[in-house]
Amino acid sequence: MEHDTDTPPYTTSDQTSFAYVSARDRWPVILTGAIDDLHRAITACKDDEKIADGKTIVEGLTKLKYELQHNRPLTPLTDDGRQDVADYNRDLNALGSPTWFNVPWLYAECYLYRRMSTYFALSTHWQSYDVFARQKLSTFVSSRPAVLELAAKYKQLINQLKSNVPDSKTPEEIGDAEKLLFSEMCEICLWGNATDLSLLTALTYDDIQKLQGSEAQKVQEKNILVNDLPAAYRTLKATQDTDPKGERRVDIVLDNAGFELFVDLVLAGYLLAAGLATQIVLHPKSIPWFVSDVLPADFASLLNALADSQALYAAPSNNNKDHVGAPIPLSDREVSELSFLFEHWSSLHQEGQLTIRPNLFWTGPGSYWRLPSSAPDLHQDLQESELVIFKGDLNYRKLAGDAMWPTTVPFSDALGPMGPGSGIRTLALRTCKADTVVGLPAGEDERLKSMEGGGGDTGARKWAWSGKWAVVQFCDGKA
């Protein structure tokens, strides 16, 4: 913890923070869902040893839920063979004997998922089982309208970029169009993060659809409080113009699977087709994490779903329980457009232009302030990238240390060792779902609090909890 910011972190004891709500309301629901999913999988088993093995995991998860709900002390992780156990236990020791309702939020939430993973890692038959996989697939199926809309636009865009047909526009007009297209693609990627399974505890099929699609994206554009996309574009365009035939890499530190991974791949394919990058490196998590975070297996699952999209969307069992009526088969055109995505992304992956690079650091207990010292090889690798895009709320919290910064503190300051001089260009695409927010103009936090549901005089920054507002922030650590 020596490399973390001195600014105090948000804690689960702070009744004005989303940490307080998360520990008491969200986490028990998530654990219950995990237990129910595993029960369902055990019921389908025929192997007695695997059944007994699964029941042992259920007992562990049930015990964890009891400790959480009864505000028991957090206990050291059992050694499951992974190197990060020592990191978690060292931090826990430094915190004293914290209880669930009086502990730094970031550590407790990471500990929750890391401890869940130990039960599976120590099992015989369930080591690779993801209790959240079923939810990820269900939410992707529920995103059908947005998936089909984007698939059609993506195919048209990629074919247009590959055509090399002479354009009648002036160079200035072409430049403006390219800049606008970059912003549009990044904003689609930004708002794709509106589907975060760890927060969707009561949304219906229709609610999920409203979070996605082009009309919703246009409405939400005005809710981007800080938008540094022009600066990020200028950086990528400058490197392209300086060395158009050279290698130019962009990294994406992923957040959620399902629809969000889909839009991440849309952005990746666009960057490659537009020549703004020659290689995209995706950074998933190594263990089931924060319900919906991407695992390497989720990438393969998404490609398989696109390869057989008719089966995915036409199967009654795959339809969201809130969606009334028989499944509607895809049209031939829709199947063709989804197949195009499968073929294009598979080809990029096979050719090495789209790679997946997990690292245990991403599921560690602390902030990204620790990256240069705790994961120097990863830090050095990221320095080779022209731009590192950090997706989602948790990555933002970790970048800023999940600290109680004044909202006017510059984004570059909140990054600490990952900021200026780090050798890493950072672009955070984040819809706000937690209290930590930096880089806002003076008075903006107060304005948002004064709005209906914003928190008012309660002291709570409730406007930052719902995902309605977003920040897109850039820091050039190579400058």
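Two strands are said to pair if DSSP finds at least two bridges between them. In this predicted model, strands S2 and S3 meet that description, since they pair in the parallel sense over five bridges. Within this pairing, aspartate 251 has valine 281, in S3, as its bridge partner. The protein as a whole contains 19 helices and seven strands. Its radius of gyration is 22 Å, close to the 23 Å that the globule rule gives for 479 residues, so the protein is as compact as a globular protein of that length.

**Overall dimensions and surface**

- Taken along the principal axes, the C-alpha atoms of the protein fill a box of roughly 70 × 55 × 45 Å.
- Of the 479 residues of the protein, 56% count as buried.
- The accessible surface of the protein comes to about 20,100 Å², and carbon and sulfur atoms contribute 52% of that surface.

- Seven strands form an open sheet with mixed pairing, in the order S1-S7-S6-S5-S2-S3-S4.
- Strand S1 (224–227) and strand S4 (354–356) are the edge strands, and each of them pairs on one side only.
- On average, neighbouring strands of this sheet are turned by 15° against each other, direction ignored.
- Helix H11 (residues 259–273) packs on the sheet, where it touches strand S2 (249–253), strand S3 (279–283), S4 and strand S5 (387–391).
- The direction of H11 makes about 160° with that of S3.
- S3 is mostly covered, with four of its five residues buried.

**Strand S7 and its two partners**

- Strand S7 (residues 470–476) pairs with S1 in the parallel sense over three bridges.
- In this region, asparagine 227 stands opposite valine 472 in S7.
- Strand S6 (residues 425–431) pairs with S7 in the antiparallel sense, over seven bridges.
- Threonine 426 stands opposite cysteine 475 in S7.
- S7 is mostly covered: six of its seven residues are buried.
- As a general point, the side chains in a regular strand alternate between the two faces of the sheet.

**Helix H4**

- Helix H4 (residues 105–121) has 17 residues and reaches 24 Å from its first C-alpha to its last.
- This span of H4 is close to the 24 Å expected at 1.5 Å a residue.
- H4 is mostly covered, as 16 of its 17 residues are buried.
- In general, an α-helix has 3.6 residues a turn, so residues three or four places apart point the same way.

- Aspartate 241 is found in helix H10 (residues 229–242).
- Aspartate 241 has a relative accessibility of 51%, and the cut-off for an exposed residue is over 50%, so aspartate 241 counts as exposed.
- Aspartate 241 and leucine 148 are 93 residues apart along the chain, and their C-alpha atoms are separated by 34 Å.
- Glycine 453 belongs to the loop between helix H19 (444–450) and S7.
- Because its relative accessibility is 57%, glycine 453 also counts as exposed.
- Not counting residues up to four places away in sequence, glycine 453 touches Lys462 and Trp463.
- The C-alpha atoms of glycine 453 and serine 466 are separated by 9.8 Å, and these residues are 13 residues apart along the chain.

- Most residues other than glycine have a negative phi.
- Asparagine 71 has a phi near 55°, a positive value in a residue other than glycine.
- Asparagine 71 is placed in the loop between helix H2 (48–69) and helix H3 (84–94).
- With a relative accessibility of 29%, asparagine 71 counts as partly exposed.
- Aspartate 402 has a phi near 50°, again a positive value in a residue other than glycine.
- The loop that holds aspartate 402 runs between helix H17 (392–399) and helix H18 (411–414).
- Buried means under 20% relative accessible area; aspartate 402, at 1% relative accessibility, therefore counts as buried.

Technical notes
Residues numbered from 1 in each chain as written. Predicted model: local features only at pLDDT ≥ 70, side-chain atom pairs only at ≥ 80, totals over all residues. Heavy atoms only, no water. Helix = DSSP H or I, 4+ residues; strand = E, 2+ residues; numbered from the N terminus. Axes fitted to C-alpha atoms, helices over the stretch in contact; angles between N-to-C directions. Contact = heavy atoms within 4.5 Å. Rg over C-alpha atoms; globule rule 2.2 N^0.38 Å. Buried < 20%, exposed > 50% of the residue type's maximum accessible area, 1.4 Å probe, protein only. Areas by Shrake-Rupley, 256 points an atom, 1.4 Å probe, with all protein chains shown as cover. Expected span 1.5 Å × (residues − 1).
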